[in-house]
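Welcome! Have a look at the sequence and the model below, and then we can go through some questions together.

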Amino acid sequence: MRIVIAEDSVLLREGLAQLLSLSGHVVVAQVGEVPALLEAVEAHEPDLVVTDVRMPPDQRDEGLRAAIRLRRERPGLPILVLSQYVAQEYAAELLRSHAAAIGYLLKERVADTAEFLAAVEQVASGGVVVDHEVVRRLLSRNRSPLARLTPRELDVLQHMAEGFSNAAIARTLGVTEVAVSKHIGSLFGKLGLQPAADDNRRVLAVLAYLRATPGASGH
């Protein structure tokens, strides 16, 4: 894949570039600020953007805002956002209007190269990846729309949010794929997610608890 990296920490930016290059990808641009990110995407038309949430000049949510802008201008552009801290409002805002090819990971996950590279592949292929610590924090707080779900259904939902396939969930939980499918069908029903041709119900299920969490309504 052809990848653009936006990260103001030179050390981390270089590390990401080396890791991705060693994995067979081509890093077409490395930038440290939003204007350069927007220019790089315009110039290179990458297959994936990896960007930090906080970037100069204010070190707030400039990278996130750039990601949202890029997806608005280029629907379907795969974007993997990295964050130093668990910030559920960022995850909620990023995911709310974009039902595919989006990821939100804590930077510490980069240390687990296999996990990070798996997330890169998942997002680039159109999947959604949400850091499991973000999922855990969200599930531990107000989850009124999820109150009807069983503990097993919550486990399945968490793994769905992390981008696991049904087969991977089955292996992780030690159950059959048939059982996983039944749990997913049940939680869809309890969340009121009826079949619809244009809806990614897996993503909508994740959004259901993001929206139910205080502070996750965005800006």
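Q: With which residues is Thr51 in contact, leaving aside its neighbours within four places in sequence?
A: This is a predicted model, where local features need pLDDT of at least 70 and side-chain atom pairs count only at pLDDT 80 or more, while totals for chains, interfaces and linings use all residues. Residues are numbered from 1 along each chain as its sequence is written, and side-chain values use heavy atoms, without hydrogens or water. Contact means heavy atoms within 4.5 Å. By that rule, the partners of Thr51 are Ala6, Leu37, Gly63, Ala67, Ile79, Leu80, Val81 and Leu82.

Q: Is Thr51 buried or exposed?
A: Thr51 sits in strand β3; helices (H or I, at least four residues) and strands (E, at least two) are DSSP runs, numbered from the N terminus. Buried means under 20% relative accessible area, exposed over 50%, and partly exposed in between (1.4 Å probe, protein chains only). Because its relative accessible area is 1%, Thr51 counts as buried.

Q: How many residues of strand β5 are buried?
A: In a regular strand, side chains alternate between the two faces of the sheet. In β5, Ile102, Tyr104 and Leu106 lie on one side, Gly103 and Leu105 on the other, and all are buried. For the strand, which spans residues 102-106, the count is therefore five of five.

Q: In what sense do β4 and β5 pair, and over how many bridges?
A: Two strands pair if DSSP finds at least two bridges between them. Ser83 stands opposite Leu106 in β5. Strand β4 covers residues 79-83, and its pairing with β5 is parallel, over five bridges.

Q: How far apart in space are Ala101 and Pro78, C-alpha to C-alpha?
A: Ala101 lies in the loop between α4 (88-96) and β5, and its phi is near 55 degrees, a positive value in a residue other than glycine. Ala101 is buried because its relative accessible area is 5%. Leaving aside neighbours within four places in sequence, its contacts include Arg71, Pro78, Ile79 and Val128. Ala101 and Pro78 are 23 residues apart in sequence, and their C-alpha separation is 4.6 Å.

Q: What is the relative accessible area of Glu45?
A: Glu45 is found in the loop between α2 (34-44) and β3. Its phi is near 45 degrees, a positive value in a residue other than glycine. Glu45 is classed as partly exposed because its relative accessible area is 47%.

Q: Which peptide bond has omega near 5 degrees?
A: Pro57 belongs to the loop between β3 (48-52) and α3 (62-73). With omega near 5 degrees, the cis peptide bond here is the one from Pro56 to Pro57.

Q: What share of the chain's residues is buried?
A: The secondary structure of the chain comes to ten helices and six strands. Among contacts between residues at least 6 apart in sequence, 66% join residues at least 24 apart. Of the 219 residues in the chain, the buried share is 50%.
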